[in-house]
Amino acid sequence: MKHPKCVNSECKTCECNLCCTKINNFGVKRSGIEILKDVNLHIHCGDLTAVIGPNGAGKSTLLKAILGEISHTGELQFLDANNGITRPSMGYVPQKLDLDSTSPTSVLDLFAAAHTNIPIWVGYPKRIREGVRESLARTHGEHLINKRLGGLSGGELQRVLLALALDPIPHLLLLDEPVSGIDQKGLELFYQTVSTLRKNYDLSIILVSHDLNLVAEYADRVAFVNNKTIECCGTPQEVFTNEKVIQTFGLDWSNRFQKDEKDRVANALMV
Ligand SMILES: Nc1ncnc2c1ncn2[C@@H]1O[C@H](COP(=O)(O)OP(=O)(O)OP(=O)(O)O)[C@@H](O)[C@H]1O
Ligand SMILES: [Mg+2]
């Protein structure tokens with residue numbers, strides 16, 4: 001199906017003037033067991049693609065394979081607006097992070113360690129401190145700069161990790177259930193922030209989520225991972241009215257999605 005943003009009448013999904021990331025025929029085996037096969041995904045810049053699926057379906061595995069953290073078959077292509085093919089730069093927020101809650105490491109230390117070779121005991125020049133503050137401001141986290149990592153709440157930590165993943169702005173941002181354990185207000189703030197960022201920076205985002213209501217509200221595209229592959233991919237309306245998706249989640253989502261796209265958000269919020 002032609003991408004809705006595509007302006008090129010000759011476009012066969014990807015031969016358009018937009019940059020995009022293509023995942024072609026990905027397969028992953030771990031300990032000799034096939035986890036993913038024949039995974040194909042096409043993501044345009046500026047799109048938020050949500051990856052949904054049951055526990056153990058392979059969502060985190062897919063993100064780690066895209067990152068190159070685990071080996072896979074198939075290929076990953078990034079086509080820039082001029083159709084040059086390169087490997088995309090990536091930012092990543094993992095599903096879980098084990099932090100030593102007693103460690104004195106601060107948010108500033110974390111950013112400085114990621115971007116400079118300055119030893120921690122030297123103190124940071126003003127320009128570093130200002131740069132970190134600017135990065136944190138992207139996710140409304142500038143007030144967290146001097147906090148200890150171990151002392152951050154779940155929502156604060158995710159804000160810091162998201163800011164770190166965006167410094168520098170990547171082609172592709174991978175978010176693996178970055179809001180598990182966060183209250184409803186924090187969840188909505190996170191989705192709003194991510195949604196704004198993708199527009200401001202023309203960022204491609206792949207977001208793994210179990211929150212189908214927020215996915216329905218914010219995602220441009222949804223990919224349903226099941227039985228080791230992407231079984232269904234399309235707009236939220238297309239995916240949430242798919243029979244396999246309805247069976248898997250045990251909800252009659254089709255009642256909540258009217259044909260009229262204008263009703264999409266309102267219907268999702270009624271859940
Ligand atoms: N290192 C590993 N060795 C062998 N199997 C693994 C390994 N890591 C994950 N798996 C298996 O791969 C499958 C997919 O795991 P994955 O973590 O990708 O699922 P998921 O869709 O992210 O699940 P969840 O929604 O619970 O986070 C699971 O069956 C899991 O047991
Ligand atoms: Mg996972």
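I take two strands as paired if DSSP finds at least two bridges between them. Helices (H or I, at least four residues) and strands (E, at least two) are DSSP runs, numbered from the N terminus.

**Entry: the model.** I am working on a predicted model, where local features need pLDDT of at least 70, side-chain atom pairs count only at pLDDT 80 or more, and totals for chains, interfaces and linings use all residues. Residues are numbered from 1 along each chain as its sequence is written, and chains are lettered from A and ligands numbered from 1 in the order in which they are written.

**Entry: hairpin.** I looked up β9 and β10 and found a hairpin with 2 residues between the strands. In the turn, N227 has a positive phi of about 50°. β9 (residues 221-226) and β10 (residues 229-234) run antiparallel and are joined by 5 bridges. F224 stands opposite C232 in β10.

**Entry: the other side of the pairing list.** β9 also pairs with β3 (residues 48-52); these run parallel, with 4 bridges. I noted V51, whose bridge partner in β9 is A223. β3 has 4 bridges to β8 (residues 204-208) as well, again parallel. There L48 stands opposite I205.

**Entry: burial.** I call a residue buried if 20 or more other C-beta atoms lie within 10 Å of its own, exposed if 12 or fewer, and partly exposed in between; C-beta atoms are placed from the backbone. Of the 271 residues, 37% count as buried. In β9, 5 of the 6 residues are buried. In β3, 5 of 5 are. I checked both faces of β3: L48, A50 and I52 on one side, T49 and V51 on the other, are all buried.

**Entry: core.** I define a nonpolar core as a set of buried Ala, Val, Leu, Ile, Met, Phe, Trp, Tyr and Cys residues joined through C-beta atoms within 7 Å. The largest one has 66 residues, and V51, L174, L207, V215 and F224 have the most contacts inside it. Helix α4 (residues 154-165) gives this core its largest share, 6 residues. The core draws at least three residues from each of domain 1 (17-89 + 169-237) and domain 2 (100-167); the bounds come from an automatic or database domain assignment.

**Entry: contacts.** Two residues are in contact if their C-beta atoms, placed from the backbone, lie within 7 Å. I followed V215: leaving aside neighbours within four places in sequence, V215 touches A50, I52, S209, V222 and P236 by this criterion. Among contacts between residues at least 6 apart in sequence, 61% join residues at least 24 apart.

**Entry: ligand 1.** I listed the shell, taking residues whose C-beta atom, placed from the backbone, lies within 6 Å of the ligand. The shell holds R30, S31, I35, G53, N55, G56, A57, G58, K59, S60, T61 and Q95. Helix α1 (residues 59-67) supplies the largest share, 3 residues. I sorted the shell into 2 nonpolar, 8 polar and 2 charged residues. Ala, Val, Leu, Ile, Met, Phe, Trp, Tyr, Cys and Pro count as nonpolar, Asp, Glu, Lys and Arg as charged, and the others, Gly among them, as polar.

**Entry: α1.** Why is α1 largely enclosed by the rest of the structure? Because 7 of its 9 residues are buried. The buried ones are K59, T61, L62, L63, K64, A65 and I66. G68 follows α1, with a positive phi near 85°.
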